[in-house]
Amino acid sequence: MQYTFVSATILLILITDPIGNIPIFANALKHVAPERRARVILREVLIAFLLLLTFMFIGGGFLRVMNLSELSLQIGGGVILFLIALRMIFPPPKVEADERLGEPLIVPLAIPAIAGPSALATVLLLVSQAPEKRLEWIAALCVTMSVSAVVLVLAERIQRVAGDRFVVALERLMGLVLVAVSIEMLLRGIKTFIQQVA
């Protein structure tokens, strides 16, 4: 599957799932002073961006060191995306997390809420499939992080205006789209594998 700037941006937004991260950020920031929350969110988004950007540049070397092919990455990425999509459509029961006083740093907001395994695998996949388009992938990542930052900073207003039901419905719709993307990725990977074997 040949990605473009637009399709890569949409894919990254679906995977980083800013709508689904609203409850995670709200819970993690409830002990943070309201006037500090926007700064903390922007800091965590920036950390996630730097991590994904770093992975984008060292991704090729990582694949070579681990002796992984682009095909295995495509099929593995499809499986991960499918599992993530299922969790978006059928979320697991909520478990009360340990309450940590003070400001969260890196974990759990930057990693794994934003820059989780699926996001890391996706930037690796984009670069491995089309390294000559690296500038487009960086631009797609910039747009994705900007969208995440805006959504998360405005999370309280979004929840008040749209309501919890709308937020849940939107996340499940995003999950449905991601299921289709993951199945397409798997089918193309399997087709390529069969052609190589034949």
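Start by selecting the buried residues of α9: they pack against α1, α2, α4, α6 and α8 (155-162). Keep in mind that you're looking at a predicted model. Which residues of α9 are the buried ones? Click through V167, E171, M174, G175, L178, V179, V181, S182, M185, L186 and G189.

Now show α9 as a whole. This helix has 34 residues and spans 49 Å from its first C-alpha to its last, close to the 50 Å expected at 1.5 Å a residue.

Next stop, the inside. Nonpolar side chains tend to be buried together in soluble globular proteins. Here, the largest nonpolar core has 55 residues, and those touching the most other members are Y3, F25, L52, W137, L141 and M145. At least two residues of this core come from each of α1, α2 (18-28), α3 (34-65), α4 (70-89), α5 (109-114), α6 (117-129), α7 (134-153) and α9 (164-197). Which helix gives the most? That's α3, with ten residues.

Zoom in on M145. Skip its neighbours within four places in sequence, and you'll find M145 in contact with T16, V45, A48, F49, L52 and I114.

One to click on is F5, which lies in helix α1.

Notes. Residues numbered from 1 in each chain as written. Predicted model: local features only at pLDDT ≥ 70, side-chain atom pairs only at ≥ 80, totals over all residues. Heavy atoms only, no water. Helix = DSSP H or I, 4+ residues; strand = E, 2+ residues; numbered from the N terminus. Core = buried A, V, L, I, M, F, W, Y, C linked by side-chain atoms within 4.5 Å. Buried < 20%, exposed > 50% of the residue type's maximum accessible area, 1.4 Å probe, protein only. Contact = heavy atoms within 4.5 Å. Expected span 1.5 Å × (residues − 1).
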